[in-house]
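Here's a quick briefing on how the pieces of this structure pack against each other. Have a look at it first, then go through the notes by topic.

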Amino acid sequence: MTLVVPELASQVLERALARGGDLAELYAEARQSFSLSLDDGRVERPQGGRERGVCVRVVQGESSYFGYVDGTAEQDLLRVADSVAQAVRGEARHPAALSAADRRDGHPIRVHPEEVEARRKADLLRACEERARSAGPEVAQVRLGYGESRRLVEVYSSDGRAAADDRTRIRLSAQVVARRGDRVETGTDTRGGHVGFELLEEDPEQVAENAARRALTLLDAVDAPSGRLPVVVGNGFGGVLLHEAVGHGLEADAIQKEASVYAGRIGEQLAADFVTAYDDGSRTNAWGSDGIDDEGTPTRRTTILEDGRLTSYLYDLLRARRDGVESTGNGRRESFRHLPVPRMTNTFFAPGGATPDELIGEVERGLYAVSFGGGQVEPATGDFVFGVSEGYLIEGGKVTSPVRGATLVGNGIEALGAIDGIADDLDIATGYCGKAGQTVAAGVGQPHVRLRELTVGGIGT
Amino acid sequence: MSLEDAARRAVEAALAAGAGDAEAWAERSTSRDIRVYDGRVESMSDAGGRGVGVRAFAGKRSGYAYGTDLSDEGVAELARAALEAAEVADEDEFAGLPDESGVSDVDGLASAALGRWGTDRKVELALEIERAARAHDGISQVENAVYSDAEGSVALVNSRGFAASFDATQAWAYASAFAGEGEDLMTGLGVGLGRDPEALDPKAIGDEAAQRALALMGARRPESRRCPVVLDAFVAASFLGFIGSMLSAEAVQRGRSLFAGRQGDEVADPALALVDDGTQPDGPGSAPFDSEGSRTRRTPLIEGGRLLGFLYDARTARKANTETTGNASRGSYRSPPSVGTTNLVIEPGEEDLAGLVRLAGDGLYVTEVAGLHSGVNPVSGTFSVGATGRLIADGELGQPVRELTIASDLVSMLRAVQAVGSEGRWVPFGGSVKAPPVLIGEMSVSGS
């Protein structure tokens, strides 16, 4: 299916450059989505969406001019191009000739979710609920969500680029509340990817069971300690730490505004020599992967830390041009309603040589942070705060009591420098990342990682 | 073609397809966003959006579909999709359109002045914010100075005969200023909002960003302590926004609120009064009717320290055997209505900020919290969040501090309110909240 034919795209770009500009780009998108939830024992909120729209961007020097419209009607597209051109001051230019958009096909979809009957999705949620409830009588609430989307994307630009992508994403999430007397605890888990319904063919109920197990475990939690402690961070969603405290600071928009502690530090040794990390938007079927980014650049693997040295920032076209480098395929946008900005795709530490047990075994007294409820970072300073949603004490090299109310407070560079062990069990979890008012799918991941010492804020002392 | 027509055709199509009841929400908006950096336009965008969302009822089941195609075929397809979706849902005995619809008089939602401002003047306003921030000694950078506005129209039609529409405008601007450099760099945010750009004071926004950053220069990690804490208006608004979300009957009925079953209880110090008011002319969350066609109103939530009630839409009201409070809310046509706050307002008290700091004596002044949404357990209310601010010594603001956490639980915090400030302002985070600074008698502060 073609959303905008190359002939019309050429015409739009021609109009967009009527008053000059270094680059004009047309981005078209059709999105079809379906979601469903189960709450209070009932399947509810079934909803479908069908959106289609186009945006036009003109870049001139250091400025970007942008406009969008719902729908793909020819007269609307030309009007947007005219309105964007109005803001530019210069001589008309002509775009390069366009061919048909080239579609990338890196992420095989075996079962297209929109072809699966909605009833099967409802039944899947019911089966998940049953599994969660069977985890124990203290399971008080089960909340499940299923979501799928398919986005057809086309990008045409005045330098002759014509690219397309067909993106199917699917995600199952579970949130379970367990109750014992006055104690109430919540556990969560998710499974998702840039993948088809086949992802949920093998034991999807496991997601609900994991969430239930976490909630039940936390019922026995003691108040988290506070102070400076060694911390072992779990694999998978534990990678939120890397995403927030390092990854955002490597996005080239923050770097170029010197709004990042990582600005001007390429080549510096920031971590021990066994620490390597990637941003990889090409990883097959991973949650944060696409065929191309939202500027038409093919996604790829970028090494951000190699043997502890900082090796690359994450670029979109605009920031890459400014630094005289190539885009790393990180120009992403939530939809046609947004300008692309440098964003992470799937960001993770490479596996090391240790086992999780070895990392934990060497800790006399510390915190085992398995999963985070979320986090926040100030990219300018690298200061971060994370709520630990599942955590345990480590005592005498063993994981002992679960803890609640723990937060990790620190600084990205300090935390990188504090890494003193990486395990071999890489896993990537499904996150949503918000930036500049836009939310995109972002894969966060890592193997188990140990930090020599970090500030743990807790309720206890 | 009018929005109301599109919505009406969607409702008719749903009924024709076999829905028992149906409702359509149609909207159209244009918005403008200008970002300046280093004395020039960094980006400028112009957006035109339109769409419709259809809710269809099949007996006691409901489904939703939304889309961007407002043509006859487009809305008919959405109506069918909504009805098909409904067939997958389980029955819900409380589902249905509101039994009574209505419209409140709310003046001043749309300002004609917005239309009189050309792009160049808006760019100049953003540049003036940046200049104002940079004019302060010690400001190394203004990362972003942003001006945005939006004008929109909304129409709601349902199969019980409700049909109404309204227009609204909004303009806001903010800037983020940096002081210091490297690992000692501190940031400050300045914000302003109103119905049109004339309501924005660029110098005040730039000054605020600069002053907030400069006040934190030399921040270090404090020692752990228990002490009085003054929350500034931004931080008080973040906490109250969170508390507001737990006063939704939806959260209460689903067992996700620590306020469940506590109606009539003393949950706060008598100094604290909280209302939800969807009719305030200058409130960003104001409208004549809510997202399912009930009239908006003023609903006192906490008064004299007692919890008076919760926020309802038609469904949760039916379940609780009470009346809706006009709090059906939706972000856009892309989501079905659910219970939400309109404008939360903390009633102002007597003391200005200096007075609160004096009352605190020795304590902490918090100007920023991080991780609120992940750091609060919504059921127990216990929280531990990262904070930045200044120590208070002998009734005066002193040493800047960072990388600390403050911990308590929400009810203990509400009960420990000692005084509410006199200077309320609209804060656009955590929903729409009008908050003054608030003095909390004691909290646990964890540093080094």
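Let's start with a pair of helices in chain A: Leu8(A), Val12(A), Arg15(A) and Ala16(A) of H1(A) touch Glu74(A), Leu77(A), Leu78(A), Ala81(A), Asp82(A), Val84(A) and Ala85(A) of H2(A). Sorted by class, that contact holds eight nonpolar and three charged residues, with no polar ones. Keep in mind that this is a predicted model.

**Helix pairs**

- Helix H1 spans residues 6-16 of chain A and helix H2 spans residues 74-86; their axes come within 7 Å and cross at roughly 25 degrees.
- Angles under 35 degrees count as roughly parallel, and H1(A) and H2(A) are therefore roughly parallel to each other.
- The crossing of H1(A) with H2(A) is right-handed.
- Over in chain B, helix H4 (residues 119-134) and helix H5 (residues 202-214) have axes that come within 7 Å and cross at roughly 40 degrees.
- That angle makes H4(B) and H5(B) oblique to each other.
- H4(B) and H5(B) also cross in the right-handed sense.
- On the H4(B) side, the contact uses Leu125(B), Glu128(B), Ile129(B), Glu130(B), Arg131(B), Ala132(B) and Ala133(B).
- Facing them from H5(B) are Pro202(B), Lys203(B), Ile205(B), Gly206(B), Asp207(B), Ala209(B) and Ala210(B).

**Two domains in chain A**

- Chain A splits into domain 1, covering 6-218, and domain 2, covering 222-457.
- Between the C-alpha centres of domain 1 and domain 2 of chain A there are 23 Å.
- Domain 1 of chain A puts 37 residues into the contact, and domain 2 of chain A puts in 25 residues.
- Several elements of chain A each give at least two residues to the domain 1 side, among them strand S1 (23-39), strand S5 (139-157) and helix H4 (205-218).
- The largest share of that domain 1 side is six residues, and it comes from S7(A).
- What is the class make-up of the side of domain 1 of chain A that touches domain 2 of chain A? There are twelve nonpolar, twelve polar and 13 charged residues.

**Where chain A meets chain B**

- The contact between the chains brings 62 residues of chain A up against 54 residues of chain B.
- S2(A) gives the largest share of the chain A side, with twelve residues.
- By class, the chain A side has 22 nonpolar, 24 polar and 16 charged residues.

**A sheet in chain B**

- Chain B has an open sheet of six strands with mixed pairing, in the order S10-S9-S8-S13-S19-S18.
- Its edge strands are S10 (306-307) and S18 (425-427) of chain B, each of which pairs on one side only.
- S18(B) and strand S19 (residues 432-435) of chain B run antiparallel, joined by three bridges.
- Within that pair, Val427(B) sits opposite Val433(B) of S19(B).
- Helix H6 (residues 233-246) of chain B packs on the sheet, where it touches S8, S13, S18 and S19 of chain B.
- The direction of H6(B) makes about 130 degrees with that of S19(B).

Technical notes. Residues numbered from 1 in each chain as written. Chains lettered and ligands numbered in written order. Predicted model: local features only at pLDDT ≥ 70, side-chain atom pairs only at ≥ 80, totals over all residues. Domains from an automatic or database assignment. Contact = placed C-beta atoms within 7 Å. Helix = DSSP H or I, 4+ residues; strand = E, 2+ residues; numbered from the N terminus. Nonpolar A, V, L, I, M, F, W, Y, C, P; charged D, E, K, R; others polar. Axes fitted to C-alpha atoms, helices over the stretch in contact; angles between N-to-C directions. Parallel < 35°, antiparallel > 145°, perpendicular 65-115°, else oblique. Left-handed = near helix turned anticlockwise from the far one by under 90°. Pairing = 2+ DSSP bridges.
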